[in-house]
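Please have the sequence and the 3D view open.

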Amino acid sequence: MPADPSPRTAPSPSSQPSPQNRGSGTSAVEVRRSSRRRRTVSAYREGDRTIVLIPARMSEAEEQRWVGVMLDKLAAQESKRMLGDTELAARAEWLSEQYLGGRARPASVRWVTNQNTRWGSCTPAEGSIRLSHRLKGMPEYVVDYVLLHELAHLLVPGHGRRFWELLEAYPRTERARGYLEGVVAAGRLPHLPGAGTGTEPG
């Protein structure tokens, strides 16, 4: 798939006064506000829950935005740790069973470093799927979307209505496309002197 999907708007997380289901799996999210915390935001897993720590002064809108940011950061860290070629192939098999009725059966699934203008590619005649190494470290749901995109190409070669109908079964298609759109857009922006990548609200 090309590295520049058409614009999509990723949904914002809802306010978190109490734990609720969010993230790449079914883990609940609990937001904890602290008057001692001034600017930093952090998050960690605690059993089947995700705890997000934010400053007490944050507005609901800021809370929603930062919960989404921290969930994506955690998911990206977990994806980077877990997915080698073997795990990627196993993930593709699971996704095919879950969303495509097991009909897409690739002969090989692997990471490659020579795809800089595409997130993934598929050769239906060979049954091979290749994902760009640039996806490593992105949230799991984004990698899953790209995998599903290429798996769907094993069944439907083009990007017509039948192709997109296959992807409708995956609930995070729109959010993943929005994430990738944001990555592409960010890559086109000039790098500002002193700009950092920390987790402090602006």
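Buried means under 20% relative accessible area, exposed over 50%, and partly exposed in between (1.4 Å probe, protein chains only). His 149 is buried, with a relative accessible area of 1%. This model is predicted, so local features need pLDDT of at least 70 and side-chain atom pairs count only at pLDDT 80 or more, while totals for chains, interfaces and linings use all residues. Residues are numbered from 1 along each chain as its sequence is written, and side-chain values use heavy atoms, leaving out hydrogens and water.

His 149 sits in helix H3 (residues 140-155); helices are DSSP runs (H or I) of at least four residues, numbered from the N terminus. Among the residues His 149 touches are Met 1, Phe 163 and Trp 164, not counting residues up to four places away in sequence; contact means heavy atoms within 4.5 Å.

Now for the salt bridges, in which a side-chain nitrogen of Lys or Arg lies within 4 Å of a carboxyl oxygen of Asp or Glu. The whole structure holds 8 salt bridges, including these:

| Salt bridge | Closest N and O atoms |
|---|---|
| Arg 32 with Glu 30 | 2.9 Å |
| Arg 161 with Glu 165 | 2.6 Å |
| Arg 175 with Asp 72 | 3.3 Å |

Arg 175 lies in helix H5 (residues 173-187) and Asp 72 in helix H1 (residues 60-82), so this pair ties together parts 103 residues apart in sequence. Both Arg 175 and Asp 72 are buried. By contrast, Arg 161 is exposed at 63%, and Glu 165 is partly exposed at 37%.

Notes. Helices (H or I, at least four residues) and strands (E, at least two) are DSSP runs, numbered from the N terminus.
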